[in-house]
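Reader: I would like to learn how to read salt bridges in a protein model. Could you take me through them slowly?

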Amino acid sequence: MREELNAIRDDMKAQLAAAGSLDELREIQVAYLGKKGKLTGVLRGMGKLSAEERPVIGQLANEIRDEMGELLEEVRNTLKQKELLSQLEEEQIDVTLPGRRVGRGHKHPLTLVEDRIKEIFSAMGYVVEEGPEVELDHYNFERLNIPKDHPAREMQDTFYVSEDVVLRTHTSPVQARVMDRISPHLPVKIIAPGKVFRRDDDATHSPMFHQVEGLLIDENITFADLKGTLLEFARQMFGEDRKIRLRPSYFPFTEPSAEVDVSCMFCNGAGCRLCGQSGWIEILGSGMVHPKVLEMAGYDPEKAVGFAFGMGIERIAMLKYGIDDMRLLFENDLRFIRQF
Ligand code: DAH
């Protein structure tokens, strides 16, 4: 039995030395030390031994089991190390591979149109100004000749922050703020793009939208200057062939006032569904700055004259790109946004 045990020890040693993988190692462990393993088998036969031999053989068997257990652990560690190394080698990183590209994105159609509007007017000498979106009633209404209880306030459904503070309903209050800063000097020549707010929400109205205000004050400015300026704008924005038409209108801060139409860019003025068969599409409001507005800003209306205009950027974008639902501009659906 002693020889049998020694033979098992030698065999197992030899096999462990030859083991090439952790899987093989597990098989060897089961074959020798497992429940039905060789060493276990021998120990089962110990019942047949004499009383003197039993403890001697038992001790030897235990020694062999411990020794083999330790050897097994050693080999296991070595193999683990080896497998890790080869894994690392396989997974080597090729630092010369090109990196993953970050998508570049581009401007929103509203920003594109706003930029274009700024470009057109900057080239004519207008300076870009800004005003606050949370505005005093004073600038949003009073200074534009719209006193409290004036029926014109009903044209604009206003978000009130408090009695004296509103979310501006148009960019026109920037006119008064800029004139306050510059008067009594001339000229004033600005455009003021930005967000405005009204309690409206449907396919052609959003509670937040964008406008661009324009204001030119100097000496000897006439209605013809207004018309020429807006015609130039319409041509640059919608194409050289565009014409404009002015219709009498009313705004409390201009006198006279005019609504400006551009000849339809879809049918070239022939009449189609988009222009309601009229051949014309309304794009903005305008007029000669009201003497009272000039006076409140510290100008002498006998000397200073000027014109103003205001347009919705969403509307211009929809006409320029043929967009039929304003909500598309705010939903940020990439399938839509990517088209510009
Ligand atoms: N503020 C007007 C609106 O929101 C638009 C407007 C009309 C602005 C005439 C002007 C103007 O500067 O002269 O409906």
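Author: A salt bridge is a side-chain nitrogen of Lys or Arg within 4 Å of a carboxyl oxygen of Asp or Glu. Side chains of opposite charge can pair when their charged atoms come close. By this rule, the structure shown here has 18 salt bridges. It is a predicted model, in which local features need pLDDT of at least 70 and side-chain atom pairs count only at pLDDT 80 or more, while totals for chains, interfaces and linings use all residues. Residues are numbered from 1 along each chain as its sequence is written, and side-chain values use heavy atoms, with hydrogens and water left out.

Reader: Where do E119 and R116 lie?

Author: Both belong to helix 5 (residues 109–123), where they are three residues apart, about one turn of the helix; helices here are DSSP runs of H or I with at least four residues, strands are E runs of at least two, and both are numbered from the N terminus. The closest N and O atoms of E119 and R116 are 2.5 Å apart.

Reader: Which parts does the pair of D180 and R143 tie together?

Author: These side chains meet in a salt bridge at 2.7 Å, N to O. D180 lies in helix 7 (residues 173–182) and R143 in the loop between helix 6 (137–140) and strand 3 (165–167), so the pair ties together parts that are 37 residues apart in sequence.

Reader: Is R143 buried or exposed?

Author: R143 counts as buried, at 7% relative accessibility, whereas D180 is partly exposed at 32%; buried means under 20% relative accessible area, exposed over 50%, and partly exposed in between (1.4 Å probe, protein chains only).
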